[in-house]
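Dear colleague,

I am passing on the structure below, together with some notes on what came out of going through it. Please read them alongside the coordinates when you have a moment.

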Amino acid sequence: MAEIRVQGLRKEFGALVALDDVSFSFPESRVTCLLGPSGCGKTTLMRIIAGLERATRGDVYFGGQRVTHLPPRKRNIGMVFQYPVVYRGISVAENIELPLKSEKLSKAERTARVAEVVEILGLGDHVAKDITQLDNGTRQKVAVARAVARQPRIILFDEPITNVDANAKLQLKRAFKELTRRLEQTIIYVTHDQTEAMTLADQIALMQDGRIVQCDAPRELYNHPSDVFGGWFLGNPGMVFVDGTLSANGSGTVVTAPLFPAPVPTAGGASDEPATAVTVGIRPEHIRVATGDAPGAVAADLLRKSITVGRQYLLSLRVGDVAFKAKVTPQVGESLPARGAVWVTLPPERVTLFAPNGNRVDATLTQPR
Amino acid sequence: MAQVGTRRLEGVGGIAGARSRPRGRPFRKLDDSRFFPLVLLLPILIFFLIWNVVPLLWLVGLSFYRYDLTSPEPARWLGLDNFTAIYNDAQVWGALGRTLSFMFFSVGLQTVLGVVLGLLFWGSSRMPGRRLALTLLFAPMLLPPIAIGSYWRLIYDPIFGVLNYYAREIFGQRYDFLGSKDYAFPAAVAVDVWMWTPFMILMTLAALASVPKAELEAAEVDRLPWLKRLWYVVLPHGKFILMLGILLRTIDAFKTTDMIFVMTKGGPGVKTELIGLTVWRRGFASFSMGAASALAVIALLIAIAFTSIYLYVLNYRETRGQFR
């Protein structure tokens, strides 16, 4: 159990910069998900923390100890790989026990630890089986059991459920949830699957192009992305972005955008700045769509309506020449025509503003008076 | 219709895609035909038939005849007489025994040395000059056994051999390695080991390369001691390739002839006479082609038996699920 801190970590593979001077702290006894698209450097970061990869520059600390130059075996970590790694020719129980044999533990202690993880992971039916009799999902459970049974201070998961079938995925996710609740180890979990990150993490560190762009609790990250990338990457589909203008109008600043019928006043913006371009971002499920006019609504063209996960409806809409998507509940979706004229409202409190450089603007929209 | 569909799907993606292109490609008919693979195989099959199958049948046939090149008589049918004569021939049994112990010692030493050196090479991936060292190490394997036999006869030479120079420097005396009844056999084994250890290094490196990286990394993270790593991680993946190497070496060692022929011609006495040399002696020194053929047939059967044992072992492990 220790905090993991990386400082000025840089990794170059030839001309490719996989990690771009990352400084970050993974809090003790929490689950931190490293989330990001393929190639963003999340696996590289984890492998450097594990010691399987050497950083071009920078340091790794576990608690107060500098471990940058220690080999993996001296770092006292547990790790679960993308492909289920099991040792062949021995049973499930022996697999879990094998690393314990190198520790100074009594036979009774070893048996107790094996029994504990077997129980948490629901491997009870498999303990005596040979490893070759198991499917991938169960093998991965064995790998997880082996990693946690040694009770290392840090456990690293490298996309552990990418290569198992859907049913086993659910089971594993449930097992992880249970594990992280019971064990109070510092856990880093690498994934490119946002649902996985959302369900498992205490906090998500969002990565892009070798940098950690934001780290927050899942809900916070989802609702208030600190830049355009977070808005775009999270959610299915991601945020809707519309170009707008931020300008002064005597008493304060207002935002003008095609999706607002009239300029919307902001709170927190300075009133004397010249007009600037902003990006208006909103989650598709926060957009209100109705057949009738309402205050704050604009007329829109419904181009396509399709059903999606949870019987929600995904709508393709257009206002003027701005095309965007919205997600509505089954009730609303059913009440809408297949295509034609509708009214769209963007609730101001749900809107996030971004500057042209992609960063969030520290100004929120308020209800027009 | 549905069948046509499934047959299309069986093809590899790229090929299936190419097939659906518009017509006008030459050989299209041939390409689609199920005889096409056969046509591709035909040249090598013909070669195999002429150079392997026919001589083999000829050999088996000859083994039932008395056919001496020194006598003007035509070949005479003997039935199994050649084989019973071999059965009662102490010289043949002696040669077989020597061949087996030659196989045992040379393949055993090659395997042990090859595995150890292979592991060392594997573990020293950052050693400077590693590539050069590997290339040099493989040199003996690339030379013809005849050449190797000649080199070593010179190296072992009691008068001006380089080995005896050092023997005299260190022990103060000369050794007639190939001429002495005590040293000739170990000396022959040593040359075979020198020649074929690189092959076992190569097989060991190939076996090690077949171990998934993630498993080695997991073992490192799990802090397994190196012996356990070898046993639980490396061996389960690498043992098939290693077994294949041992199999190939065993069969090859069984038929070692040329190298020994150049160095000792089987001597002193019969100290280094392996079964291949006995066949040669019967056929081309005594010109008894029938008896030599019979002996060759027996040697062939023994080689087939070895192959079958190994294949059975490989197969047995595999069906127990090691590859699944």
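The domain bounds used here come from an automatic or database domain assignment, and the model itself is a predicted one. In chain A that assignment gives two stretches, with residues 4-223 forming domain 1 and residues 240-365 forming domain 2. Taken over C-alpha atoms, the centres of domain 1 and domain 2 of chain A are 40 Å apart.

Turning to the interface, 18 residues of chain A are in contact with 16 residues of chain B. On the side of chain A that touches chain B, the largest share belongs to strand β6 (residues 77-80) of chain A, which supplies 3 residues. Sorted by class, that side of chain A consists of 11 nonpolar, 4 polar and 3 charged residues.

As for chain B, its secondary structure comprises 15 helices and 2 strands, and 27% of its 324 residues count as buried. Of the contacts in chain B between residues at least 6 apart in sequence, 68% join residues that are at least 24 apart.

One helix of chain B deserves a separate look, namely α11 (residues 213-221), whose buried residues are B:E215, B:E217, B:A218, B:A219 and B:V221. The cover over these buried residues of α11(B) is drawn from both chains, and includes α1 (42-50) and β6 of chain A as well as α12 (226-254) of chain B. After α11(B) comes B:R223, which has a positive phi, near 60°.

With best regards

Conventions
Residues are numbered from 1 along each chain as its sequence is written. Chains are lettered from A and ligands numbered from 1 in the order in which they are written. This is a predicted model: local features need pLDDT of at least 70, side-chain atom pairs count only at pLDDT 80 or more; totals for chains, interfaces and linings use all residues. Two residues are in contact if their C-beta atoms, placed from the backbone, lie within 7 Å. Helices (H or I, at least four residues) and strands (E, at least two) are DSSP runs, numbered from the N terminus. Ala, Val, Leu, Ile, Met, Phe, Trp, Tyr, Cys and Pro count as nonpolar, Asp, Glu, Lys and Arg as charged, and the others, Gly among them, as polar. A residue is buried if 20 or more other C-beta atoms lie within 10 Å of its own, exposed if 12 or fewer, and partly exposed in between; C-beta atoms are placed from the backbone.
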